[in-house]
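Dear colleague,

I am passing on the structure below, and my notes on it follow. Please read them alongside the coordinates.

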Amino acid sequence: MTDAILDQLGSELVMQEVIAKQQTPLPPPIAADASYVDHDINLAASSDMSSNSSDSEIDNYIIMSQSAVGKHRLFGRQKPLHVVLGAGKRADLILWRNKQLSGSIFGGVTFVWLCFEWTGYHLVTFLCHSLILILATLFLSANLAAFINVSPIEFPRVDVSERFLTSTLLTLGAQLNCVVTTFRDVASGRDLKKFVKVIVSLWLLSVIGSWFSFLTLFYLVFATVLTVPLLYEKNEDAVDSYAEKAWVEIKKQYAVLDEKYLHKFPILSSIKAHKQH
């Protein structure tokens with residue numbers, strides 16, 4: 001009888017412990033570190049911004065262009081200038097998105113060009129003299145190091161990766177093929193307008209090249225790249241309006257020239273008739 005009572009008491013104690021454990025509230029979940037959560041959110045946001053920045057910029061530009069009725073952009077452009085230029089670091093540099101970097105590069109190149117112009121030094125001569133000085137210094141240091149117990153100057157090892165060379169050659173090959181294709185199309189006599197454009201462009205380039213040295217011409221091209229797009233972006237509507245009027249006037253003058261002179265040449269007339277058919 002006593003054993004039965006003890007067993008009953010033991011089972012009741014066990015049941016009470018089980019019930020107490022079930023009623024005990026669970027510890028609160030460990031909160032995630034806010035810094036990690038913010039870091040993940042920032043990474044996701046930055047990736048979305050980088051992938052959609054160009055698309056959103058294009059969409060906003062299209063909306064603004066559609067709001068201006070009858071507005072025609074220069075060269076038939078339908079994208080913002082930043083996207084046309086690549087929408088990357090190169091476009092940021094050209095359009096002065098980072099004014100400190102663009103200004104430093106422009107000022108440095110201008111200073112170098114002024115130094116060459118003031119001294120009358122030529123670029124090829126400067127490069128050759130610089131290489132002579134470097135080679136002579138390295139040669140003398142290598143031969144005199146043993147006599148004066150000084151370690152020779154170690155020339156840094158420069159290795160160009162095969163991947164970089166391959167990509168560069170492919171890019172140059174594509175550009176060269178484009179130039180050859182354009183030259184063949186112009187020389188074939190099928191497109192009179194393209195032929196006239198190329199001839200006039202080459203003639204103007206030859207005239208401009210006779211006015212300046214190669215270094216000055218290079219600097220003028222560099223200065224144009226870093227100034228004209230920026231000025232055009234700030235005065236886009238006005239420039240597009242004047243360009244449209246100029247293009248209409250050019251078409252009128254070309255129509256007059258075609259009516260008076262071009263149609264009299266049998267070769268040009270045959271080419272024009274072939275295009276119409």
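Axes here are lines fitted to C-alpha atoms, for helices over the stretch in contact, and angles run from 0 to 180 degrees between N-to-C directions; helices are DSSP runs (H or I, at least four residues), numbered from the N terminus. The model is a predicted one, in which local features need pLDDT of at least 70 and side-chain atom pairs count only at pLDDT 80 or more, while totals for chains, interfaces and linings use all residues. Residues are numbered from 1 along each chain as its sequence is written, and side-chain values use heavy atoms, with hydrogens and water left out.

The axes of helix α9 (residues 214–234) and helix α10 (residues 236–260) come within 5 Å and cross at roughly 95°, so the two helices count as roughly perpendicular (angles of 65 to 115 degrees). Y232, E233 and K234 of α9 meet E236, V239 and D240 of α10 in this contact, where contact means heavy atoms within 4.5 Å.

Also in helix α9 is L215, which counts as buried at 16% relative accessibility (under 20%, with a 1.4 Å probe and protein chains only). Leaving aside neighbours within four places in sequence, L215 is in contact with W113, F116 and L123; W113 is 102 residues from L215 in sequence, yet the C-alpha atoms of the two are 7.5 Å apart.

Helix α8 (residues 192–211) is the place of V196, which is partly exposed at a relative accessible area of 42% (the range between buried and exposed, the latter being over 50%).

Best regards

Note on methods
Parallel < 35°, antiparallel > 145°, perpendicular 65-115°, else oblique.
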